[in-house]
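Below are my notes on the model you sent, as numbered points.

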Amino acid sequence: MTDTDASVSAVAEYPLPDNGWADLDNRVVVCVSGPGTDKFLQGQFSQNLDEVIPEYSPRAAAATPKGRAYCLTRMVRSGDDILMDFPAELADDIISHLRKYLMLFRGTTMEVVQETKITGILGNGLAETLAGKPLDSLKEPGDACTLPDGILVKTQSTAEGTPRFEFWHNEEGEAALPASARMSAADWQASEIAAGVASLTTATQESFVPQMLNWQHVGGVHFKKGCYTGQEVIARMHFLGQLKKSLFRFRIEQSEDLPTPGTALFAGERSVGEVVNAIKYRDGSVELLAVVRHDAAENALHPEGLSEVTLEPMPLPYPVPEREKSAQSDT
């Protein structure tokens, strides 16, 4: 399965800029507020709300009772409220689902916040320009600081070492960023792939346990918190070493077509994985993230319908030790 229209409309610069910023208009920000905020979110998400503080804005996942992720997000503490971001194409579905549980918490609400925007930033220089000071307090992914116009969060750097940040802000928040450094949303999406950060689409929602998306390696799963929906499956997979597939990054040197999320990956005639996200570059190359079986990851792989295409393995910025454990258990 391919999508030529997507390959035309979402093309990233190659190589990616070391410094740049982009409006993330494909994200919807919601605010959960009221006396039951933390208790409600604690029962639905993989993050420990006690650790979501103004100085730390971690990622989180929400899953079905079978442990399949239907939402990947970040949690940002804003006073007594929690801000989260959802993909625009999934936002209505996620909000509708969560409100079924929210009904149990009188006086607690979840609403879309139109006036809050997210800007993606590449490079320390622009982030320091925005903050007006060195970023000594932002050392690890999830570290955050409060600025006059919003909240700046350090996110996962790319495997090539480019620092990245998210700026959650009001309408005036981008005023300090130079127009000359503005880049496309496609550039930011390419940096997400280079950083090994997955996002869900309608084609992949409820397809994977969070660990299959390496969500624990980008700070999105807290294995010592209490119960939440899907926790039993997620915890069992972690503590019993049952993870047999995970997120890999690949490159296609040249391709007219862009594999869409949900496209199967094959080793010979055997289906061994599934595309999660992909982006095309202006030089004609493609990069993608895909969930692949550990016992097939070293084979020659190709997307369904593109048998002439070869996937070249690319590095991630973090280790995935479960792959070694899986290989040992299979021997």
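1. A search of the whole structure, which is a predicted model, turns up 1 cavity of 30 Å³ or more. A cavity here is a set of points on a 1 Å grid over the protein atoms alone where a 1.4 Å probe fits but cannot get out. The space in the largest cavity is about 60 Å³, a volume being the space filled by probe spheres set on the points, with grid points joined across faces, edges and corners. Its lining consists of Y56, P58, R59, R74, P141, G142, K154, T155, Q156, V218 and G219 (lining residues have an atom within 4 Å of a point). By class these are 4 nonpolar, 4 polar and 3 charged residues. Ala, Val, Leu, Ile, Met, Phe, Trp, Tyr, Cys and Pro count as nonpolar, Asp, Glu, Lys and Arg as charged, and the others, Gly among them, as polar.

2. On numbering and confidence: residues are counted from 1 along each chain as its sequence is written. Local features need pLDDT of at least 70 and side-chain atom pairs count only at pLDDT 80 or more, while totals for chains, interfaces and linings use all residues; side-chain values use heavy atoms, with hydrogens and water left out. The average pLDDT (the predictor's confidence in each residue, from 0 to 100) is 94 for the chain, and 96% of the residues score at least 70. Residues 1–8 stay under 50, and the model gives them 15 contacts (heavy atoms within 4.5 Å) beyond four places in sequence.

3. The largest pocket has a volume of about 800 Å³; a pocket is an open set of points with protein on both sides within 12 Å along at least five of seven lines. Of its 38 lining residues, N26, Q189, S199, T201 and N277 lie nearest the centre. Two or more lining residues come from each of α1 (4–9), β5 (69–78), β6 (81–87), α3 (88–102), α5 (185–194) and β14 (270–281). Helices (H or I, at least four residues) and strands (E, at least two) are DSSP runs, numbered from the N terminus. The lining divides into 20 nonpolar, 8 polar and 10 charged residues.

4. Which element gives the most to the lining of the largest pocket? That is α5, with 5 residues. This helix is mostly covered, with 8 of its 10 residues buried, W188 and I193 among them. Buried means under 20% relative accessible area, exposed over 50% and partly exposed in between (1.4 Å probe, protein chains only). Just after α5, G196 has a positive phi of about 70 degrees.

5. I94 sits in helix α3 and is buried, at 0% relative accessibility. Leaving out residues up to four places away in sequence, I94 touches Y70, C71, F86, P87 and Q205.

6. There are 4 aromatic pairs. Rings of Phe, Tyr and Trp (its six-membered ring) pair if their centres lie within 6.5 Å; planes under 30 degrees apart count as stacked, over 60 as edge-to-face and the rest as tilted. Y14 and Y281 are edge-to-face because their planes stand at 75 degrees, with the ring centres 5.2 Å apart. Y14 is in the loop between β1 (11–12) and β2 (20–23) and Y281 in strand β14, so this pair ties together parts 267 residues apart in sequence. Y14 is partly exposed at 43%, whereas Y281 is buried at 4%.
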